[in-house]
Amino acid sequence: MYFLGFNCYGHNAAAALLKNGEIVGAVEEERLNREKHSGRFPELAIRHLMALGGVESSDLAGVGYYWAPWREMRSAVAHLVRYAPESRHLLSGASFTTEYRGRLPAMLRVRQRLERTIGPLKSDRFSYIPHHQCHAASAFFPSGFDRAAVLSVDMLGEWTSTLFAVGEGLVIRPLNEIPFPHSLGMVYAAFTQHLGFEPINDEWKVMGLAPYGKPRFTKLFEELIELLPDGRFRVNTNLVAYHVRGRKQMLRPSVSAVIGAPRAPDDGLDDRHADIAASLQRRIADAMMHCVTWLQKTTGAADLCLAGGVALNCSANGEILERSGFRRVFVQPAAHDAGTALGAALHLAHQHGSPRVVFPSAYLGPAYSDADISRALTRADLTFRRADNLEDEVAELLASNRIVGWFQGQMEYGPRALGNRSILADPRDAGMKDKINSAVKFRESFRPFAASVLAEHQGEWFTMADVSPYMTINFRAREGRAQQGPAVIHEDGT
Ligand SMILES: [Fe+2]
């Protein structure tokens with residue numbers, strides 16, 4: 001039985017195809033249309049998967065879409081009334097036009113859009129699936145855990161920011177949820193914008209900047225995100241404005257009075273910016289810990305699955321693995337919205353009784369043959385040769401401080417380069433980060449790089465006895481290792 005899942009008209013559009021519960025493939029549209037974070041209908045991704053599986057529309061037992069638009073509309077109207085009159089700002093300007101005149105009607109017609117690409121579907125084969133159910137499914141079903149606590153922590157999906165659930169066998173049971181505007185993802189986005197980066201895209205830069213600063217604005221962030229009983233939290237709407245003014249003004253002026261004016265994208269970064277990032281990161285990590293602690297108490301589960309955009313915060317995830325008491329933490333590489341394509345397909349497949357299959361690897365995207373590669377190299381007018389002993393040659397290049405672009409096999413699903421489309425370099429050279437940044441023309445010198453360590457040797461390097469194959473969980477380096485891998489061991493020792 002084949003199931004297709006996809007997401008679009010938000011950000012990070014993707015598609016995933018399953019056969020009897022196994023992943024045939026999963027790919028983000030941006031990799032094929034070359035538009036970073038593309039939210040367009042994933043025409044190329046879907047065509048690729050259908051061709052790969054040799055599948056026609058009539059073969060599909062179900063198609064799942066990652067959003068329930070009707071749910072959102074009801075909540076949006078209630079929100080406008082609740083926050084009137086200030087919410088009138090949402091009704092004018094770009095956010096309303098793109099969100100409610102553009103996005104929602106497109107979502108309501110998405111089945112027709114799909115049928116134009118793959119041909120007609122049988123009438124009962126298309127489902128809108130609530131956003132957080134997709135995130136939760138993408139985390140729990142492939143985790144390999146029989147039973148686990150599940151936290152989907154996001155900006156918002158329909159009108160929910162956070163879902164608490166417990167997964168068991170083929171069922172995920174929701175326990176609690178937190179509605180917008182109380183959203184860790186939105187708060188992170190608001191400060192990403194304040195720091196002069198692009199919200200919903202550059203949050204990882206803020207996470208990378210945080211270890212360089214001191215969390216000296218703790219008091220403000222404690223007022224901003226209040227931790228409540230039952231694992232819940234509340235965002236102080238006297239300090240944020242995103243819920244009434246959209247992206248035009250995400251924070252109240254009273255926040256700038258404490259932490260200073262917003263940074264323009266081309267301005268330099270100083271200690272104050274790093275301190276803001278550190279304070280934000282501290283509070284977000286504490287809030288996540290608060291959520292998972294409640295989940296653990298309530299479910300008694302030994303293991304935890306995380307999903308949603310905020311679950312790409314590998315620093316916070318590392319703290320959760322280190323301190324929450326959960327035995328294992330699973331975060332699949334596409335924890336953000338691209339992963340909802342996989343989640344939507346899994347949700348349907350397991351409803352139809354497909355068996356659970358452990359996440360095989362992040363390498364779920366397209367691969368290219370040697371003939372494809374030599375054609376592309378010729379077209380780009382590059383000189384090339386076949387190496388007789390590629391691994392030895394590359395090891396030698398790395399040891400002599402060269403930077404290597406490494407391309408092999410199937411493309412990664414999710415935002416992280418995990419060894420099939422990666423930049424490789426020697427981590428022993430402290431200057432290597434700057435070297436890569438200037439060679440690849442990255443602007444941000446704090447951009448973190450990750451270590452790739454053989455699983456058999458991981459205990460020699462890190463204090464935690466687990467693996468992190470998807471770069472979604474940070475580990476603490478053992479004492480004395482920072483000098484040996486200065487280019488990959490961060491300011492905070494992770
Ligand atoms: Fe999401």
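Just after helix α2, G54 takes a positive phi of about 60°. Helices here are DSSP runs of H or I, at least four residues long, strands are E runs of at least two, and both are numbered from the N terminus. Keep in mind that the model is predicted, so to speak a computed one: local features need pLDDT of at least 70, side-chain atom pairs count only at pLDDT 80 or more, and totals for chains, interfaces and linings use all residues. Residues are numbered from 1 along each chain as its sequence is written, and side-chain values use heavy atoms, with hydrogens and water left out.

**Helix α2 and its partner α5**

- Helix α2 covers residues 43-53 and helix α5 covers residues 110-118; their axes come within 10 Å and cross at roughly 50°. (Axes are lines fitted to C-alpha atoms, for helices over the stretch in contact, and angles run from 0 to 180 degrees between N-to-C directions.)
- That angle makes α2 oblique to α5, oblique being what is left once under 35 degrees (roughly parallel), over 145 (roughly antiparallel) and 65 to 115 (roughly perpendicular) are taken out.
- The way α2 passes α5 is a right-handed crossing, with the near helix turned clockwise from the far one by less than a right angle.
- On the α2 side, the contact is made by E43, I46, R47 and M50, and they meet R113, L114, T117 and I118 of α5. Contact means heavy atoms within 4.5 Å.
- Sorted by class, this contact of α2 with α5 has 4 nonpolar, 1 polar and 3 charged residues. (Ala, Val, Leu, Ile, Met, Phe, Trp, Tyr, Cys and Pro count as nonpolar, Asp, Glu, Lys and Arg as charged, and the others, Gly among them, as polar.)
- Which residues of α2 are buried? They are A45, I46, H48, L49 and M50, where buried means under 20% relative accessible area, exposed over 50% and partly exposed in between, using a 1.4 Å probe and protein chains only.
- What covers the buried residues of α2 includes a run of strands, β1 (2-7), β2, β3 and β4 (60-65), along with helices α1 (30-33) and α5.

**Strand β4 and its neighbours**

- Strand β4 is largely enclosed by the rest of the structure, because 6 of its 6 residues are buried.
- β4 pairs with β1 in the parallel sense, over 5 bridges, and F6 stands opposite Y65 in β4. (Two strands pair if DSSP finds at least two bridges between them.)
- β4 also runs parallel to strand β5 (residues 126-128), with 3 bridges joining the two; here G64 stands opposite S127 in β5.

- An open sheet is formed by 5 strands in the order β8-β7-β6-β11-β12, with mixed pairing.
- The edge strands are β8 and β12 (328-330), and each of them pairs on one side only.
- From one strand to the next, the twist averages 20°.
- Inside that order, strand β6 (residues 147-157) and strand β11 (residues 303-307) pair in the parallel sense over 4 bridges. If you're looking for a landmark, the bridge partner of V150 in β11 is C305.
- Helix α12 (residues 271-299) lies across β6, β7 (160-168), β8 and β11, and runs at about 145° to β6.

**A buried glutamate**

- E319 sits in helix α13 (residues 314-323).
- Is E319 buried or exposed? With a relative accessible area of 15%, E319 is buried.
- Leaving aside residues up to four places away in sequence, E319 touches R282, A285, M289 and S324.

- A84 and P85 are joined by a cis peptide bond with omega about 5°. You'll find P85 in the loop between α3 (69-82) and α4 (94-108).
- Another cis peptide bond joins F180 and P181, with omega about 10°. P181 lies in the loop between β8 (171-179) and α7 (184-194).
- N20 has a positive phi of about 50° although it is not a glycine. N20 belongs to the loop between β2 (14-19) and β3 (22-28), and at a relative accessible area of 40% N20 is partly exposed.
- D230 is not a glycine either, yet its phi is positive, near 65°. D230 lies in the loop between β9 (225-227) and β10 (233-235), and D230 counts as partly exposed at 47% relative accessibility.
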